[in-house]
Amino acid sequence: MTTDATGDPSIVALRAARLSAQGLAQGFDSPAAAVERLVCVQAQDLAAAKWVLGARLPGATEATIDAAIDDRSLLRSWPMRGTLHFVHPSMLRPILRLTAARLMQRAAKIHLGEGIDDTVHAAARTVAIRELEGGRSASRDELQSAWAAAGIPIEGQRGYHLIWRLAIEGVLCCGPVDTRARQRFVLLDEWSPAGRDEPGEVDETLARFFTGYARGHGPVSVRDFAWWSGLTLTQARLAVAAAGEAVVAVDDERFVAAGARAAAPVSAAAATRHVLAPFDEYFLGYGDRTPYCSPDDAARVVPGKNGLFLPILVAGGEVVGTWRRSPERRGATAIELNPFGGAVDVDEFAPAFARWAAFWSTTLGELTVGAR
């Protein structure tokens, strides 16, 4: 069963505040503004991540996001939790300085099993720089072919892990759009040189990191931040202390950014309907998801607990179901809604799906409710 959307007023208010913080209530002016507000947006599925931003950008299309990628106003790399994210250019290197050592420590056993030692890594780094320097780019296949030609084995997952390791140390990042679901790789320092707006000291980075998280996801707890960022609880507590007056406590455990814009009225939030992507920050961005749905329903968003999230239906801030698209047929795309419990008014979600269809330049087909 779902969380009762008409229940505890404090939970209803929390949802309204987070809808506002995440830009789902008012929206943003540009992809860069959305990423700057959210700090990081999980993006291992590039197409899904485009709609994470598109859902927050009224009138945007896929081309809007592709243009922001190509003009370098947002970056995609592996800044935290060992997975791909969109991140604002000013924060990629500072976040990596916080997270890289722990990420590498966690990956050490895998790399040992793959035969990736310091000698192999150094050779792969040399080849990658040779192939990419001068503003060039390469697809994953092209980069791995260059390694194979240089005698560096790429069988299994070795090629991926070499790319990952070079990205974690700030050599590579994703660059220009190649296909709907792929980007080419580039040298980070050529594609997006370090700017003067990057925080330098650890305390400054921690402060900006937590303040940004509270601004784009708040109200949030220290444990939420530790889970989301992949930092330790000790680091998370240091981040709150470093943020100082830039964040404000709203209860015994949660914080918002000082001066954060007011949430939409609860009554207005209760009327909203959103159709969100897999891995959307509204669901994924918190360690505790019980304000949105019951643990049983949260598990239905990740069936099989395999790390693959389904796209979600949100009503008044509550996750009330999942949805799936059918392959486009004759220029139209049909949608099946799968509610968790109770009746779902398909017509109420139709405007949100119409926005989704316009974003992907398709025509919205029939909306149906799946068998329960």
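Helices (H or I, at least four residues) and strands (E, at least two) are taken here as DSSP runs, numbered from the N terminus. The model is predicted, so that local features need pLDDT of at least 70 and side-chain atom pairs count only at pLDDT 80 or more, while totals for chains, interfaces and linings use all residues. Residues are numbered from 1 along each chain as its sequence is written, and side-chain values use heavy atoms, with hydrogens and water left out.

Side chains of opposite charge can pair when their charged atoms come close. With a salt bridge defined as a side-chain nitrogen of Lys or Arg within 4 Å of a carboxyl oxygen of Asp or Glu, a search of the whole structure finds 18 salt bridges. One of them joins Arg-208 to Glu-204, with 3.8 Å from N to O; these two residues stand four residues apart in helix 10 (residues 202–217), and are therefore separated by about one helical turn. Arg-208 has a relative accessible area of 33% and is partly exposed, a term that covers the range between buried (under 20% relative accessible area) and exposed (over 50%), computed with a 1.4 Å probe on protein chains only. Glu-204, at 38%, is likewise partly exposed.

A salt bridge also links Glu-131 with Arg-130, where the closest N and O atoms are 3.3 Å apart. Glu-131 is partly exposed at 29% relative accessible area, and Arg-130 is partly exposed at 44%.

In the salt bridge between Glu-336 and Arg-324, the closest N and O atoms lie 3.1 Å apart. Because Glu-336 belongs to strand 12 (residues 332–339) and Arg-324 to strand 11 (residues 318–325), this pair ties together parts that are 12 residues apart in sequence. Arg-324 is exposed, its relative accessible area being 52%. Elsewhere, salt bridges that share partners connect Lys-50, Glu-62, Asp-66 and Arg-180 in one network.

How do helix 7 and helix 8 pack, and at what angle? Helix 7 (residues 140–149) and helix 8 (residues 158–168) meet at about 100 degrees with their axes 10 Å apart, the axes being lines fitted to C-alpha atoms over the stretch in contact, and angles running from 0 to 180 degrees between N-to-C directions. The two helices are therefore roughly perpendicular to each other, a term for angles of 65 to 115 degrees. Their contact (heavy atoms within 4.5 Å) is made by Arg-140, Leu-143, Gln-144 and Trp-147 of helix 7 together with Gly-159, Tyr-160, Leu-162, Ile-163 and Leu-166 of helix 8.

Definitions and conventions:
Angles under 35 degrees count as roughly parallel, over 145 as roughly antiparallel, 65 to 115 as roughly perpendicular and the rest as oblique.
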